[in-house]
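Here's a quick briefing to read alongside the model. Keep the sequence and the 3D view open as you go.

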Amino acid sequence: MPLFHGLDVADSHAQGMAEIVPILWLMLGFFILPMFAIVATIFTNSTSYRRIHFGLTVIYTLLNFAHLLADLMVQPIAWYQILLMVILFLIGILLNLVGFQWMKGSKKARERVLPSHPSLG
C-alpha cells in the first residue's frame with residue numbers, strides 16, 4: 001500500500017505512513033463490513049437486516065463502479081486492475097439482484113441465500 005502513495009518501502013517510512021493511516025483504516029473497514037454481512041446473513045433472517053444487506057450491496061456496487069472509473073483515468077492504465085474492478089462490479093450487480101429478491105421475501109431467493117438444511121431445524 002505505501003508504494004501507491006509514493007512512499008519508499010526500503011527506508012523507514014514512519015512519517016510517511018502517518019499520512020495514509022486514515023486511508024488504511026478505511027480500507028480495513030471496507031473489507032471487514034462484507035465479512036460481517038456474510039456472518040450476519042448466516043445467523044439472521046429478519047426483514048430489517050435484509051434491507052441493510054441490500055443497501056450495503058448497492059453502496060459497494062456504486063463504490064466499485066467509481067473505483068473502476070478512477071482506474072480508467074490513471075495513466076498508464078493497469079488492465080489487470082480494470083479487469084478486477086469489472087469482475088467486482090458484475091458480482092455487485094448480481095448481489096444487488098439477489099439481495100433485492102431476498103429483501104422482498106422471494107422464497108426462491110431466500111433458499112438461494114439461506115438454503116434449508118436438516119440440521120438447522
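Starting at the N terminus, the elements of the protein go α-α-α-α. That comes to four helices and zero strands, where helices (H or I, at least four residues) and strands (E, at least two) are DSSP runs numbered from the N terminus. This is a predicted model, so local features need pLDDT of at least 70 and side-chain atom pairs count only at pLDDT 80 or more, while totals for chains, interfaces and linings use all residues. Residues are numbered from 1 along each chain as its sequence is written, and side-chain values use heavy atoms, with hydrogens and water left out.

- Of the 121 residues in the protein, 20% are buried (under 20% relative accessible area, with exposed meaning over 50% and partly exposed in between; 1.4 Å probe, protein chains only).

**Arg50**
- Look for Arg50 in helix H2, residues 47-73.
- Arg50 is buried, at a relative accessible area of 7%.
- Its side chain reaches the backbone oxygen of Trp102 at 2.8 Å.

**Thr41**
- Thr41 sits in helix H1, residues 14-43, and counts as buried at 10% relative accessibility.
- The side chain of Thr41 reaches the backbone oxygen of Ala37 at 2.7 Å.
- Thr41 and His53 are twelve residues apart along the chain, and their C-alpha atoms are separated by 8.3 Å.

**A cis peptide bond**
- Gln75 and Pro76 are joined by a cis peptide bond, with omega about -5 degrees.
- Most peptide bonds are trans.
- You'll find Pro76 in the loop between H2 and helix H3 (79-104).

Notes
Polar contact = N/O pair within 3.5 Å; in protein donor to acceptor, adjacent residues only side chain to side chain.
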